[in-house]
Amino acid sequence: GMIESEISTENEKITHFSFKLVKESEEDQNFWSVMALRQQFDLSNYEGFVLEARSDKKRQFWVEFRTGTGNAEVWYRHSFPVEQEWNRFQIPFGRFPVINGAKGPLLLADITSIFFSINNANAYPGTEGEIFIKNFGVF
């Protein structure tokens with residue numbers, strides 16, 4: 001995928017993520033396109049994640065938080081439906097189930113990265129498009 005940032009006429013920073021899903025091989029059943037922010041976050045004083053998003057057409061995207069590193073890394077993911085108009089999403093941290101790693105609650109003081117993605121769970125090989133994200137943060 002390709003990522004660009006722009007400033008809107010309302011002086012808001014908008015992140016533009018364009019993607020095309022491609023299978024690496026016929027045997028490979030997993031494929032994805034992802035936008036990642038890899039840095040340490042302590043979100044323990046907050047209740048959830050908020051963002052505004054729109055896409056070129058109706059699609060399902062994921063927002064994912066990761067904690068730990070190496071073999072101790074745990075992935076927490078929640079999907080959200082994006083349409084052609086801007087919509088605001090407010091997702092409590094308790095709605096992010098573990099999808100990889102040790103089961104347990106999201107360790108908010110130990111966030112190591114945030115991902116926005118589309119993958120084979122919600123799209124097909126050859127799917128291409130774009131998503132626009134603004135005003136993302138915590139509440």
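How many of the eight residues of strand 2 (residues 13-20) are buried? I looked this up to open my notebook: six of them are, so strand 2 is largely enclosed by the rest of the structure. Buried means under 20% relative accessible area, exposed means over 50%, and partly exposed lies in between (1.4 Å probe, protein chains only).

**Ground rules.** I am reading a predicted model, in which local features need pLDDT of at least 70, side-chain atom pairs count only at pLDDT 80 or more, and totals for chains, interfaces and linings use all residues. Residues are numbered from 1 along each chain as its sequence is written, and side-chain values use heavy atoms, with hydrogens and water left out.

**The whole chain.** I found zero helices and 10 strands. Helices (H or I, at least four residues) and strands (E, at least two) are DSSP runs, numbered from the N terminus. Of the 139 residues, 42% count as buried. Next came the contacts (heavy atoms within 4.5 Å). Among those with a separation of 6 or more, 74% join residues 24 or more positions apart.

**Strand partners.** Two strands pair if DSSP finds at least two bridges between them. I followed strand 2 first: it pairs with strand 10 (residues 128-138) in the antiparallel sense over seven bridges. Here Phe 19 stands opposite Gly 129. Strand 5 and strand 6 (residues 74-82) are antiparallel too, over nine bridges, and Val 63 stands opposite His 78. Their hairpin has six residues between the strands, and Gly 68 takes a positive phi near 70 degrees there. Strand 6 also pairs with strand 8, in the antiparallel sense over two bridges, where Trp 75 stands opposite Asn 100. I noted one general point as well: in a regular strand the side chains alternate between the two faces of the sheet.

**Rings.** How many aromatic pairs are there? I count eight. Rings of Phe, Tyr and Trp (its six-membered ring) pair if their centres lie within 6.5 Å; planes under 30 degrees apart count as stacked, over 60 as edge-to-face and the rest as tilted. The ring centres of Phe 65 and Phe 96 are 5.1 Å apart and the planes stand at 75 degrees, so this pair is edge-to-face. Phe 65 lies in strand 5 (residues 59-67) and Phe 96 in the loop between strand 7 (87-92) and strand 8 (98-100), so the pair ties together parts that are 31 residues apart in sequence. Both residues are buried. Phe 93 and Phe 96 have centres 6.4 Å apart and planes at 45 degrees, so I wrote that pair down as tilted. One aromatic cluster holds Phe 49, Phe 65, Phe 93, Phe 96, Phe 116 and Phe 136.

**Charges over rings.** My rule here is NZ of Lys or CZ of Arg within 6 Å of the ring centre and within 35 degrees of the ring normal. The charged end of Arg 54 sits over Phe 132, 4.1 Å from the ring centre. Arg 66 does likewise over Trp 75, at 3.7 Å.

**One last residue.** Leu 51 is in strand 4 (residues 48-55). Its relative accessibility is 0%, so Leu 51 counts as buried. Leu 51 and Phe 136 are 85 residues apart in sequence, yet 3.9 Å apart in space, C-alpha to C-alpha. Leaving out residues up to four places away in sequence, I saw that Leu 51 touches several residues, including Phe 80, Phe 116 and Ile 133.
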